[in-house]
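Hi,

Here is the model I promised to pass on, with my notes below it. Have a look at the structure first, then read on.

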Amino acid sequence: MTDTTSQPIPPQRKSFFQQLELDTRLLGMVGAFIILCLGFDFVTEGRFLTPRNIFNLTIQTVSVAIMACGMVFIIVTRHIDLSVGALLATCSAIMAMVQTAFLPDVLGLDLGSPLIAPIAIVVGIAAGTAIGAFHGWLVGYLTIPAFIVTLGGLLIWRNVGWFLTRGQTIGPLDSNFQVFGGTNGTLGPTVSWVLGAIFAAAAVFGIWNARRAKSAHGFPVKPVWAEMVLSVVSAGAILGFIATLNAYQVPQGRLRRIFEARGETLPEGYSIGYGLPVSVLLLIVIAVLMTVVARRTRFGRYIFATGGNPDAAELSGINTRMLTVKIFALMGALCAISAIVASARLTNHTNDIGTLDELRVIAAAVIGGTALAGGVGTIHGAILGALIMQSLQSGMAMVGVDAPYQNIVVGAVLVLAVLIDIQYRKRTGDA
Amino acid sequence: MTTPLVEMRNMSISFGGIKAVDHVSVDLHPGEVVGLLGHNGAGKSTLIKMLSGAYAPDGGEIFINGEKATITNPRDARSYNIETIYQTLALADNLDAASNLFLGRELVTSTGLVDDAAMEAETRKIMKRLNPNFQKFNAPVSALSGGQRQSVAIARAVYFNARILIMDEPTAALGPHETQMVSELIQQLKAEGIGIFLIDHDVHQVLNLCDRASVMKNGQLVGTVNTADVTDDDLLSMIILGKNPNEVDA
Ligand SMILES: Nc1ncnc2c1ncn2[C@@H]1O[C@H](COP(=O)(O)OP(=O)(O)OP(=O)(O)O)[C@@H](O)[C@H]1O
Ligand SMILES: [Mg+2]
């Protein structure tokens with residue numbers, strides 16, 4: 001069994017991009033995103049690509065992007081979840097009530113107690129997971145189409161959320177809880193640089209480790225220069241992103257208040273950058289975990305197999321019903337995490353939180369290359385899809401396009417993106 | 001007579017009033033190849049799907065090595081070392097050959113993560129035996145030809161040390177050379193003591209490869225014959241007319 005010589009692969013002239021072996025679809029999306037940003041930057045005379053706007057764009061994208069990660073798994077298995085925005089609202093309402101009413105009034109925890117935020121978060125995530133699992137049970141075991149289950153869920157959870165709070169805005173939320181909201185929780189330049197360096201090193205390590213694993217089995221690998229280019233580009237992109245977030249300076253008024261709260265005075269000429277927001281770090285962690293789940297775990301493999309051919313998956317001994325429960329439970333948990341980010345960003349639970357998010361989340365996944373026919377989709381694509389949608393919306397707002405026109409454009413872009421995707425897949429013969 | 005490896009007694013199943021399989025009994029001994037013949041829609045695939053766990057029977061009993069077996073899903077069948085090549089192949093089109101071969105039984109690293117490199121290496125080894133021309137290891141199986149897909153399905157059934165192998169028209173899409181290789185494979189597995197149910201429309205093939213043949217018509221068993229005792233005309237008349245000329249049950 002030491003004979004690993006495979007038959008020689010016919011030598012072919014490969015283009016620069018072919019030798020890099022990158023996903024051309026992803027490249028196209030990144031290209032479209034860059035053109036979009038440069039276009040807005042040109043029209044707004046340089047106001048779009050400022051550290052401040054990039055910072056805001058990322059924190060606005062987080063909530064939808066987190067849910068889009070879960071939606072990829074749902075759509076890959078040929079289901080849909082129309083209830084995510086409503087589920088987010090219910091989870092947000094539960095967490096708001098736990099921290100402002102239940103814990104202080106019933107359990108007698110003081111406002112500001114360090115226990116409040118963790119308990120609220122655990123309760124919220126447990127509730128989201130349980131509701132999601134219930135949806136999954138209805139879909140998987142009772143075989144009600146997911147479209148119907150979650151359409152019902154949309155109406156139900158939106159109004160359960162209302163019922164829990166009597167339609168009132170609940171807040172302000174616990175200050176530790178608000179750390180997940182973006183501006184109220186950033187890591188500062190030093191920690192951000194350290195994390196950036198770790199991420200960059202991890203990315204480079206990942207690229208070379210994959211190469212090592214391949215060549216250990218005698219499989220063909222890319223040329224060394226291609227791996228080098230990939231390493232440099234990945235590390236550069238990560239560090240550039242961190243540098244941009246660090247370059248956004250905390251306003252002087254805000255600094256003064258922070259120093260006053262500590263009983264100090266703001267030193268003359270002192271300034272500091274925001275750095276990486278906790279919410280963005282959370283998204284990065286979720287994205288990495290979900291990518292590992294999708295590509296390197298049995299659970300992920302079964303998700304894609306089921307999407308590709310449900311009968312084959314069942315005949316291979318995969319319990320596709322239980323799989324459906326797990327996928328929807330995961331979606332529910334991610335809705336709860338998004339609820340933390342969204343309500344913390346607003347510093348309150350509001351009644352209309354998450355409204356229309358189901359459409360944004362589905363659109364992000366689909367623009368990101370998740371095929372509604374099932375079996376195909378990536379986590380990074382969905383996050384890029386969410387970023388493209390948010391950039392489009394923010395950019396148009398900055399240019400001064402009225403809200404109704406913004407929605408018309410976003411709708412048209414969604415349809416266009418799917419059309420381009422269909423054409424692309426026809427050309428490349430992808431599934 | 002030794003205890004049969006598999007005994008299916010009075011198997012029945014209906015789909016919405018149609019008796020797809022109606023009180024059919026067949027058996028299989030270690031190192032034996034039993035052919036299943038019959039016209040399209042006779043119930044051959046449905047019969048073996050009750051053994052592979054794809055369908056739950058309405059009636060009948062299955063004995064493995066003389067002991068009553070409960071097979072309610074494909075996982076149960078796998079636990080009895082029953083492997084199946086389905087007529088539809090049952091491949092996930094969006095995954096590559098290795099992922100399909102190991103579907104449901106992935107190799108994992110020490111950290112519990114799916115070990116794609118190891119699975120690809122194993123897949124390359126077994127494909128070298130079955131179909132040496134096969135090279136598309138990194139493409140989704142949707143990009144493979146019908147015969148290449150069939151090779152993947154065969155590899156999956158053979159890889160996991162089956163004791164009972166079900167082959168539902170395994171060579172339907174294969175070229176002459178590949179069909180020849182499957183015939184050799186069947187003989188080799190037979191010599192290893194594996195019992196094989198072979199569904200095939202080619203009467204010559206069945207006479208060459210099988211020890212016995214069971215013929216079905218309209219969901220019912222016409223009869224089981226020793227292939228040494230019959231001619232291809234005998235088999236054809238059993239298939240077409242449903243007549244059992246000289247039943248010599250083993
Ligand atoms: N899932 C199902 N639902 C309804 N009817 C079915 C189902 N599976 C099989 N049948 C019916 O049962 C009968 C037997 O089908 P089966 O697939 O076992 O035939 P077969 O002998 O394998 O035929 P072929 O040689 O064409 O493969 C047919 O009449 C078919 O229409
Ligand atoms: Mg059949």
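In the predicted model, B:Leu165 has its bridge partner in S8(B), namely B:Ile196. That pair belongs to a set of five bridges that join S8(B) to strand S7 (residues 164–168) of chain B, and the two strands run parallel. Another pair to look for here is B:Ile164, which stands opposite B:Gly195 in S8(B).

S8(B) has a partner in strand S3 (residues 33–38) of chain B as well: four bridges join them, again in a parallel arrangement. If you want a residue to start from, take B:Gly35, whose bridge partner in S8(B) is B:Leu198.

S7(B) in turn is joined by four bridges to strand S6 (residues 82–85) of chain B, and these two also run parallel. There, B:Ile85 stands opposite B:Met167 of S7(B).

Now for burial. Strand S8 (residues 195–199) of chain B has five of its five residues buried, so the rest of the structure largely encloses it. Both of its faces are covered: B:Gly195, B:Phe197 and B:Ile199 are buried on one side, and B:Ile196 and B:Leu198 on the other. S7(B) is mostly covered too, with five of five residues buried. On one side of S7(B) you have B:Ile164, B:Ile166 and B:Asp168, on the other B:Leu165 and B:Met167, and every one of these is buried. Note the aspartate in that list: B:Asp168 sits on the side with B:Ile164 and B:Ile166.

Stepping back to the whole of chain B: it is divided into domain 1 (1–81 + 162–250) and domain 2 (96–160). The contact between them takes 15 residues from domain 1 of chain B and 15 residues from domain 2 of chain B. Taken over C-alpha atoms, the centres of the two domains are 26 Å apart. About 1200 Å² is buried between the domains, and carbon and sulfur atoms give 54% of that. Which residues of domain 1 of chain B lose the most area to domain 2 of chain B? They are B:Arg78, B:Met181 and B:Leu185, which together make up 39% of what that side buries.

Then there is the interface between the chains. In chain B, 33 residues are in contact with 30 residues of chain A. The two chains bury about 2600 Å² between them, with 56% of it on carbon and sulfur atoms. On the chain B side, B:Arg75, B:Asn94 and B:Val114 lose the most area to chain A, and together they account for 19% of what that side buries.

- A:Thr61 is found in helix H3 (residues 51–76) of chain A. Its relative accessible area is 3%, so A:Thr61 counts as buried. Leaving aside neighbours within four places in sequence, A:Thr61 is in contact with A:Ala386, A:Leu387 and A:Gln390.
- A:Ser192 has its place in helix H7 (residues 188–216) of chain A. With a relative accessible area of 0%, A:Ser192 is buried. Not counting residues up to four places away in sequence, A:Ser192 touches A:Leu187, A:Ile242, A:Asn246, A:Gly275 and A:Leu276. For A:Ser192 and A:Ala243, 51 residues apart along the chain, the C-alpha atoms are 8.7 Å from each other.

Last, the cysteines. How many disulfides does a search of the whole structure find? Zero, over all chains. A:Cys69 is in no disulfide, and the nearest cysteine sulfur, which belongs to A:Cys335, is 12 Å away. In chain B, B:Cys210 counts as buried because its relative accessibility is 5%, and the cut-off is under 20%.

Cheers

Definitions and conventions
Residues numbered from 1 in each chain as written. Chains lettered and ligands numbered in written order. Predicted model: local features only at pLDDT ≥ 70, side-chain atom pairs only at ≥ 80, totals over all residues. Heavy atoms only, no water. Buried < 20%, exposed > 50% of the residue type's maximum accessible area, 1.4 Å probe, protein only. Pairing = 2+ DSSP bridges. Disulfide = S-S within 2.5 Å. Domains from an automatic or database assignment. Contact = heavy atoms within 4.5 Å. Buried area = accessible area lost by both parts, 1.4 Å probe.
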